[in-house]
Amino acid sequence: VQEEKPLYKMLPPFEEAIYKLNELDSKLLWQNNHVKEYYSELTEIVRNYIERELQVPALEKTTDEIIEMLRDFQNANTINTSKETIKKLKELLQEADLVKFAKSKPMSIEIEEDRKDAQEIISNLKPKPIKKDELE
């Protein structure tokens with residue numbers, strides 16, 4: 001019997017990411033003291049979005065590698081995003097690294113801010129549409 005793919009696998013990257021963010025909210029992880037798990041999932045959603053939307057291997061890259069890659073894309077003008085969005089992403093990933101590896105404990109207001117930032121990053125990071133005349 002073939003297993004059915006989870007519904008979100010069929011969604012476009014943006015919708016999948018938003019769906020997963022809402023799913024993450026409903027788990028109440030950080031509210032129940034699972035901050036590390038929360039940040040792991042939160043950043044995985046963002047990285048997965050970057051991987052699917054920009055078609056780059058973002059899940060196995062370090063924070064610095066991802067940021068460098070996005071800056072290169074921005075310089076090459078292949079993505080639609082702002083320096084501000086990339087800066088937010090860098091801060092979010094660094095915060096998550098601290099939580100995961102340095103046992104950092106952000107306050108709830110910071111966690112809520114990071115959650116907002118994650119959604120903002122996902123909303124503001126898009127590949128540039130390829131114009132027809134660029135293909136010819």
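The model is predicted, so local features need pLDDT of at least 70 and side-chain atom pairs count only at pLDDT 80 or more, while totals for chains, interfaces and linings use all residues. Residues are numbered from 1 along each chain as its sequence is written, and side-chain values use heavy atoms, with hydrogens and water left out.

**Overall make-up**
- The protein has six helices and two strands, where helices (H or I, at least four residues) and strands (E, at least two) are DSSP runs numbered from the N terminus.
- Along the sequence these elements follow the pattern α-α-α-β-α-α-β-α.
- Of the 136 residues in the protein, 38% are buried, meaning under 20% relative accessible area with a 1.4 Å probe and protein chains only.

**Helix α2 and its packing**
- Helix α5, residues 108-123, packs with α2 at an angle of about 10°, with their axes 10 Å apart; axes are lines fitted to C-alpha atoms over the stretch in contact, and angles run from 0 to 180 degrees between N-to-C directions.
- The two helices α2 and α5 are therefore roughly parallel to each other, a term for angles under 35 degrees.
- The contact (heavy atoms within 4.5 Å) involves residues including Y38, Y39 and L42 of α2 and I111, D114 and R115 of α5.

**An aromatic pair**
- A search of the whole structure finds one aromatic pair, a term for rings of Phe, Tyr and Trp (its six-membered ring) with centres within 6.5 Å.
- The ring centres of Y38 and Y39 are 5.8 Å apart and the planes lie at 85°, so the pair is edge-to-face, which applies to planes over 60 degrees apart.
- Both Y38 and Y39 are buried.

Key
Angles under 35 degrees count as roughly parallel, over 145 as roughly antiparallel, 65 to 115 as roughly perpendicular and the rest as oblique. Rings of Phe, Tyr and Trp (its six-membered ring) pair if their centres lie within 6.5 Å; planes under 30 degrees apart count as stacked, over 60 as edge-to-face and the rest as tilted. Buried means under 20% relative accessible area, exposed over 50%, partly exposed in between (1.4 Å probe, protein chains only).
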